Amino acid sequence: MIFSLFANLEKSDLRSLAAEAAQLLGAGENKIILDEAYSAVMGAGFSYAPESEMYRSCDVAVVLGGDGSTMKVAKNAALCGKPALGVNGGRLGFLSAAERNELSLLQNVLAGKYVIDERIMLKADVFKNGKRISHNHCLNDAVISRGDFARLIDIDIKSDETGMLSVRADGIIVSTPTGSTAYSLAAGGPILSPDLNCFVITSICPHSLMDRSIVVNSKYSLNISVSSDVSNSAVLNCDGGEPIEIDSNCTVCVSLSNYKARLIKLKPDNFYQIVKKKIIERGS
């Protein structure tokens with residue numbers, strides 16, 4: 001098997017974790033690929049490639065880091081049809097298959113003793129005056145929020161061209177079930193089981209006494225438009241990536257992606273056990 005190993009290898013603790021993981025996964029005729037940017041740091045004994053090529057060349061994308069890193073790698077691996085395996089090198093590790101003190105579990109991958117947990121993704125396209133100007137896939141969420149000024153924006157949401165929701169707020173989050181434990185949860189949204197085929201819409205600081213999250217079937221498209229004052233253009237962030245400026249001439253179309261993230265599971269914990277362990281018991 002070929003494993004591409006993703007980690008911030010400038011950090012000494014992750015370097016030692018990567019070396020140990022590589023020793024376990026690189027047994028026999030297995031191959032380990034690292035980002036060529038770290039060739040001087042890690043030295044000989046590994047294969048190196050550009051990050052984009054690492055996804056195409058591997059059988060499994062292994063990521064050492066927190067949920068942000070795991071989310072990024074799992075999404076990019078999904079676009080190449082590859083599964084991802086996370087080892088928690090951060091804080092919560094909600095998406096990880098193992099903790100840093102459980103590296104011996106990686107041997108289960110070599111023995112075929114694992115299951116694949118498929119997660120839906122969403123697609124967020126931006127159209128301006130009828131022309132698509134941005135195309136994005138998200139594992140967690142698409143967030144539309146106000147610009148630099150502390151002023152509310154007006155957001156209108158249609159479901160397959162039928163009026164659904166109008167809200168005045170700092171912004172809205174459209175989240176997948178996977179993303180329901182991230183920003184949406186922090187904004188007061190519900191936790192969704194990751195096997196559901198739905199999105200949750202959660203307002204950010206709505207100017208309302210009655211605003212609540214709305215769960216919608218992912219088979220329907222959401223068309224979102226924003227209006228604000230001239231000096232306060234809104235922005236779209238997809239999975240916390242680079243902001244995309246949008247204005248009143250733009251429509252953000254959110255729909256179900258054709259891609260699914262495939263997360264490798266090495267332990268029998270079910271989703272609700274993980275919620276209890278990672279969120280409730282930690283008081284996070």
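Residues are numbered from 1 along each chain as its sequence is written, and side-chain values use heavy atoms, with hydrogens and water left out. In this predicted model, local features need pLDDT of at least 70 and side-chain atom pairs count only at pLDDT 80 or more, while totals for chains, interfaces and linings use all residues.

Colleague: Is Val275 buried or exposed?
Modeller: Buried means under 20% relative accessible area, exposed over 50%, partly exposed in between (1.4 Å probe, protein chains only). Val275 lies in helix 7 (residues 271-280); helices (H or I, at least four residues) are also DSSP runs. Its relative accessibility is 7%, so Val275 counts as buried.

Colleague: How far apart in space are Val275 and Phe94, C-alpha to C-alpha?
Modeller: Val275 touches Phe94, Ile191 and Ile280, not counting residues up to four places away in sequence. Contact means heavy atoms within 4.5 Å. Val275 and Phe94 are 181 residues apart in sequence, but their C-alpha separation is 8.1 Å.

Colleague: Which residue just after helix 4 takes a positive phi?
Modeller: Helix 4 (residues 67-79) reaches 18 Å from its first C-alpha to its last, close to the 18 Å expected at 1.5 Å a residue. That expected span is 1.5 Å times one less than the number of residues. Just after helix 4, phi is about 75° at Gly81.

Colleague: Which strands stand at the edges of the open sheet?
Modeller: The 6 strands run in the order 14-13-12-9-16-17, with antiparallel pairing. Two strands pair if DSSP finds at least two bridges between them. Each edge strand has a single partner, so one side is left without a neighbour in the sheet; the two are strand 14 (214-217) and strand 17 (244-246).

Colleague: What is the bridge partner of Ala234 in strand 17?
Modeller: Strand 16 (residues 234-238) and strand 17 run antiparallel. They are joined by 3 bridges. In strand 17, Ala234 has as its partner Ile246.
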